[in-house]
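Trainee: Could you take me closely through one part of this model, the sheet, and then what packs on it?

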Amino acid sequence: MNHDVKPGKPFRRLLLTGAAGNLGRQLRGALAAWAEVVRVSDIAPLGELAEHEEGVVADLADRDAVYCMLEGVDAVIHLGGISVEAPFDALLESNIRGLYNLYSAAQKHGVKRVLYASSNHAVGFHPVTEVVDIDAPLRPDCLYGVTKCFGEALSRYYYDRFGLETVCLRIGSSFEAPKNPRMLATYLSYRDFIELVRCSLFTNRVGHAIVYGVSDNRVKWIDNTKAAFLGFRPRDSSIDFEHLFPASAPGADYADPTQRFQGGPFVLAGPMESDD
Ligand code: NAI
Ligand code: 15L
């Protein structure tokens with residue numbers, strides 16, 4: 001690894017958590033242009049490291065490891081954690097304790113900004129017939145969604161108390177392609193995801209902001225007007241994938257809760273038997 005300082009990049013060191021995951025793998029290439037060093041971290045193996053990357057394999061629930069991980073970091077892109085419904089104890093460690101460890105360490109090390117991967121599941125119990133903006137009441141649709149509400153509240157607290165900035169990215173469904181009719185409304189292309197991260201990193205002052213991450217889809221449940229200052233303009237659309245689901249429209253059967261609510265199948269996902 002060669003970590004010599006190369007002049008001209010906007011950041012000295014960025015930290016990317018969840019770097020071995022679906023979105024982390026998409027982002028790693030783009031970050032090379034934005035930071036001299038990218039510290040990539042995950043609990044899972046990180047794969048081959050690029051020239052500009054330094055790897056840290058650690059559990060977010062390990063307070064000492066997370067403290068060390070934040071040293072010398074300008075800004076964090078926090079994608080790490082459990083990304084679906086799971087037993088409460090697992091969510092507690094990765095998404096609650098892990099997030100506290102991250103913010104606590106970030107504040108102590110003087111980190112300026114965190115991009116926090118929140119989720120549409122923080123507000124998934126709004127019906128599909130409603131359009132939500134960033135002021136819509138939190139209506140988590142599962143325990144995983146509750147942990148994302150915790151993250152939004154914790155980051156708000158760290159901004160109000162310590163001035164540590166956060167952009168909460170309420171990501172829709174960011175995959176190669178929509179996997180079901182609902183995702184025609186929630187789809188966020190990888191290209192638009194990277195652009196959302198770019199806007200959130202490079203906008204001058206963000207304070208504590210919330211922005212939805214969806215592409216320019218034909219079916220829309222979200223209104224991003226209040227986050228316009230971030231300058232995020234999606235270029236892609238799920239229109240290109242509508243032919244994959246010809247017979248079904250998202251939310252067609254409102255008697256079915258998984259179609260009535262924006263969270264889709266997540267609304268019936270938890271709690272699990274192991275939580276009893
Ligand atoms: P993913 O599940 O592929 O990646 C998450 C990564 O976090 C994994 O590599 C996993 O090993 C790591 N991780 C889990 N627990 C950990 C722990 N205790 N310590 C350290 N690392 C841990 O998920 P994906 O799709 O990449 O999503 C990234 C983030 O964006 C997640 O926080 C997810 O909740 C959020 N998000 C993703 C959406 C999507 O459509 N891809 C939609 C909404 C939110
Ligand atoms: C999420 O929050 C999950 O991380 C992702 O795996 C998708 O299921 C997405 O939401 C979705 O709502 O489709």
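**The sheet and its helices**

Mentor: The open sheet has seven strands in the order E3-E2-E1-E4-E5-E6-E7, with parallel pairing; strands here are DSSP runs of E of at least two residues, helices are runs of H or I of at least four, both numbered from the N terminus, and two strands pair if DSSP finds at least two bridges between them. Strand E3 (53-57) and strand E7 (208-213) are the edge strands, each pairing on one side only. On average, neighbouring strands of this sheet are turned by 20 degrees against each other, direction ignored, where axes are lines fitted to C-alpha atoms, for helices over the stretch in contact, and angles between N-to-C directions run from 0 to 180 degrees.

This is a predicted model, in which local features need pLDDT of at least 70 and side-chain atom pairs count only at pLDDT 80 or more, while totals for chains, interfaces and linings use all residues. Residues are numbered from 1 along each chain as its sequence is written, chains are lettered from A and ligands numbered from 1 in the order in which they are written, and side-chain values use heavy atoms, with hydrogens and water left out.

At one end of the strand order, strand E2 (residues 35-42) pairs with E3 in the parallel sense over five bridges, and arginine 39 stands opposite glutamate 54 in E3. Helix H1 (residues 22-31) packs on the sheet, touching (heavy atoms within 4.5 Å) strand E1 (11-17), E2, E3, strand E4 (75-78) and strand E6 (165-171), and its direction makes about 170 degrees with that of E1. Helix H3 (residues 88-108), in turn, lies across E1, E4, strand E5 (113-119) and E6, running at about 165 degrees to E5.
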